[in-house]
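Here is a brisk report on one protein chain. Keep the sequence and the 3D view open while reading.

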Amino acid sequence: MAIHATPLDDSAVSDLESGFRGELLTPETAEYDEARTIWNAMIDRRPALIAQCAGVADVIAAVNFAREQGMPVAVKGAGHNIAGAAIVDDGLVIDLSPMKSVRIDPEAKTARVEPGVILAEFDHEAQAFGLATPVGYNSTTGISGLTLGGGFGWLSRKYGLTADNLRGADVVTADGRLVHASEGENSDLFWGLRGGGGNFGVVTSFEFDLHEVGPEVLSGLLVHPFEHTAEVMKAYREFVAEAPDEVTAWMVIRHAPPLPFIPEEWHGEKVLVIAVYYDGALTDGETVLQPLREIGDPIADAIGPHPYAGWQQGFDGLLTPGARNYWKSHNFMEFTDGMIDTFVEYGKSLPTSESEIAIAQLGGAINDVPVDATAYPHRDAEFLMNLHTRWTDPAQDAECVAWARACYDAMAPHATGGVYVNFIPEEVGEERAAYRENYDRLVELKRKYDPDNLFHLNQNVAPTA
């Protein structure tokens, strides 16, 4: 099937509108510009039509419309994807953001979540019952893209990926059918949804396992002078090598934000931040985390009891929409001296005050899952680096992108060769690195569920080898 930009057929649009419960937006509609604006301000695209879906029937109608009209189609959850996959020039955007239902079953410890939900909304409902599932570290992220790419956060070393906690999903496929995918029904599709991205259809409902979490947890930040980065990182490496799965400790090199617990004279200065979370009893966590708190001479120690939902939102202020963002990412099996030297080298030259080098601790329950059990293949990674450049002036685009790519290249000799699909900044080009040894199986799945590659605006698995 040829997918190409084409003028809208007014008659076909009228037919779509006649049975559509949501809203159809065109460039002439007042709400159009707001609807096409997404988190990363580098993305500025103008769809021919935005279909804001109110329910499954609208999604089916929109998929059928795109297929029949031969239009490029993008699928938008929360619009947080770094590459801007939610928006397409001259095509159709299937906008799921109005679909916001979250239904918690506290007895079964499960949740049914619609695709327009963001993480803060999911956490809000689940925490009413002292429950949660592993999700990401920025609460404005959408549940859809997070889950389909794998999804990891503070709970993942204890409970696995977001995708590992998926029990089932309702999916509108490229031919306009609604199917259910689970271990017992369309299990091949269920396998592909857990890490294979948006290649196989539009998910209209997710069902997750929930775990007892919070509502109060031990978490917080340790802030060190940047000049002590090498020695602190080496001590951190020793700590995490022995840490139980209840501990998750990440590191960030950045300029200190004006947080109240950081001395004012350090605001805007370059620092190394250790962000740490403990999933368990507060008293146990105090004992387990004490060696981490004794490393070096921190500028600030803000570890203490916090509401889980509040901790989940703790970094949102550093990731507000409207800025220009470019990421590069690597996975690592170990934390070597060479990596530390490179982190220090590039930490000295962060291109803007909002840019950062983030190092996430993975492993634990994530890596207890066999590599072929889900489409997500990176079960050997113990650490993940995300080079997050962030700025507002378009004149800095080349400088910031070049810095990220240079640091990425310098870190490559230490990396696994795999990359987390949700952290890839370009629309296409890193499919093999994203899906690795599961790629060929994903191709077979694509041939079955989307042989004409309707859903191709992603890290695309083409239906041909």
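## Cysteines

Cys 400 is buried, with 0% relative accessibility. This is a predicted model. The closest cysteine sulfur to that of Cys 400 belongs to Cys 407, and it lies 13 Å away. That is too far for a bond.

Cys 53 is buried as well, at a relative accessible area of 0%. Across the structure, the number of disulfides is zero.

## Overall build

The protein chain has 14 helices and 19 strands. Its C-alpha atoms fill a box of roughly 70 × 55 × 40 Å along the principal axes. The radius of gyration is 22 Å. A compact globule of 465 residues would have a value near 23 Å, so the chain agrees with that expectation.

Of the 465 residues, 60% count as buried.

Helix 9 covers residues 282-293, and its buried residues are Gly 285, Leu 289, Leu 292 and Arg 293. Why do these residues fall on the same side of helix 9? They cover an arc of only 80° around the axis, which puts them on the same side. The general rule is that an α-helix has 3.6 residues a turn, so residues three or four places apart point the same way.

The face turned away from the buried side carries Thr 283 and Thr 287, which are exposed.

## Strand 18: covered on both faces

Strand 18 spans residues 356-361, and six of its six residues are buried. Glu 356, Ala 358 and Ala 360 point one way. Ile 357, Ile 359 and Gln 361 point the other way, and these too are buried. In a regular strand, side chains alternate between the two faces of the sheet.

Strand 18 has antiparallel links to strand 13 and strand 19. Three bridges join strand 13 to strand 18. Here Ile 253 has Ile 357 of strand 18 as its bridge partner. Six bridges join strand 18 to strand 19 (residues 383-391), again antiparallel. In that pairing, Gln 361 stands opposite Phe 383 of strand 19.

Which order do the strands of the open sheet follow? The order is 5-6-10-8-9, and the pairing is antiparallel. Strand 5 (102-105) and strand 9 (178-182) stand at the edges. Each has a single partner strand, so one side of each is left without a neighbour in the sheet. From one strand to the next, the twist averages 15°.

Strand 5 and strand 6 (residues 110-113) pair over four bridges in the antiparallel sense. Arg 103 stands opposite Arg 112 in strand 6. Helix 4 (residues 119-127) lies across strand 5, strand 6 and strand 10 (202-209). Helix 4 runs at about 30° to strand 5.

Notes. Residues are numbered from 1 along each chain as its sequence is written. Side-chain values use heavy atoms; hydrogens and water are left out. Buried means under 20% relative accessible area, exposed over 50%, partly exposed in between (1.4 Å probe, protein chains only). Helices (H or I, at least four residues) and strands (E, at least two) are DSSP runs, numbered from the N terminus. The arc is that of the directions from the helix axis to the C-beta atoms. A disulfide is a pair of cysteine sulfur atoms within 2.5 Å. Two strands pair if DSSP finds at least two bridges between them. Axes are lines fitted to C-alpha atoms, for helices over the stretch in contact, and angles run from 0 to 180 degrees between N-to-C directions. Contact means heavy atoms within 4.5 Å. The radius of gyration is taken over C-alpha atoms; the globule rule is 2.2 Å times the number of residues to the power 0.38.
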